[in-house]
Amino acid sequence: MKKILLLLTMLSCTLLANAIKVRPTGDLTFLKSVKQMEVQFTYDNMIVGSMTEDAYVNKKVGEYNAKEAGRGDNWYKVWESDKQNVYPISFLELLEKSCNIKECKNGECEYLMIVNTSFFEPGFNVGIMRRDAEISVTCKIVKKSDPSQVVAEITVLHSPGRTAMGYDYSVASRVTEAYAKAGKEVGRKINKAK
């Protein structure tokens with residue numbers, strides 16, 4: 001029994017590790033001397049599941065408001081708040097642990113990392129059935145003095161999100177894990193270049 005559990009654990013870890021694809025573009029060695037970087041999160045042209053973000057949000061707001069007046073409007077507030085206040089924190093936490101570059105909050109740093117989420121699968125967990133969350137992000141590192149000058153780019157595809165024990169019934173709990181894994185992968189790529 002122990003051998004079977006060990007085999008299943010190793011197999012799931014292997015499948016999970018192979019699911020994430022990290023593609024660096026450009027030379028990252030300049031980051032050897034970088035200790036701080038400003039980080040900005042964007043969601044330009046994001047696809048949610050198989051829909052544009054606008055179509056997904058309009059559908060959800062309509063469905064929830066049809067069930068209970070105001071519920072969809074409250075859902076939308078949480079949706080926007082999570083994008084600004086929840087997901088970036090988990091990404092940055094694992095990025096900083098993986099590569100020792102700290103977020104620059106005073107604006108006095110040379111580089112800016114723009115983390116754009118292009119794909120967002122919220123997944124679901126209804127106890128007997130589940131689908132993991134998944135995100136794809138592109139991290140463009142630009143000079144703050146000239147943001148049109150992209151120095152390097154790191155793309156993370158298919159970063160999965162789920163909690164270890166499976167108690168991730170909310171979208172935020174699943175997607176937070178996907179952002180944490182993406183931040184860790186970006187940090188690892190930066191660390192290898194140092």
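The largest cavity in this structure has a volume of about 40 Å³. That comes from a predicted model, where local features need pLDDT of at least 70, side-chain atom pairs count only at pLDDT 80 or more, and totals for chains, interfaces and linings use all residues. Residues are numbered from 1 along each chain as its sequence is written, and side-chain values use heavy atoms, without hydrogens or water.

Back to the cavity. On a 1 Å grid over the protein atoms alone, a cavity is a set of points where a 1.4 Å probe fits but cannot get out. Points join across faces, edges and corners, and the volume is the space filled by probe spheres set on them. The search of the whole structure finds 1 cavity of 30 Å³ or more.

Who lines it? Lining residues have an atom within 4 Å of a point. Here they include M37, V39, L92, L95 and M113. By class, 7 are nonpolar, none polar and 3 charged. Nonpolar covers Ala, Val, Leu, Ile, Met, Phe, Trp, Tyr, Cys and Pro; charged covers Asp, Glu, Lys and Arg; the others, Gly among them, are polar. Helix α4 gives the largest share, 3 residues. β2 (36-42), α4 (87-99) and β5 (102-103) each supply at least two.

Next, the largest pocket. A pocket is an open set of points with protein on both sides within 12 Å along at least five of seven lines. This one holds about 430 Å³ of space. Its lining has 24 residues, and Y56, K60, P122, G123 and V171 lie nearest the centre. The classes are 14 nonpolar, 5 polar and 5 charged. α2 (53-67), α3 (71-85), β7 (124-125) and α5 (171-193) each supply at least two lining residues.

Now the whole chain. How many helices and strands does it have? There are 5 helices and 10 strands. Both are DSSP runs, numbered from the N terminus: helices are H or I, at least four residues, and strands are E, at least two.

Of the 194 residues, 39% count as buried. Buried means under 20% relative accessible area, with a 1.4 Å probe and protein chains only. C109 is buried, at 13%. C139 is buried too, at 1%.

And disulfides? A disulfide is a pair of cysteine sulfur atoms within 2.5 Å. The search of the whole structure finds 0.

Last, contacts, meaning heavy atoms within 4.5 Å. Among contacts with a separation of 6 or more, residues 24 or more positions apart account for 70%.

Notes. Buried < 20%, exposed > 50% of the residue type's maximum accessible area, 1.4 Å probe, protein only.
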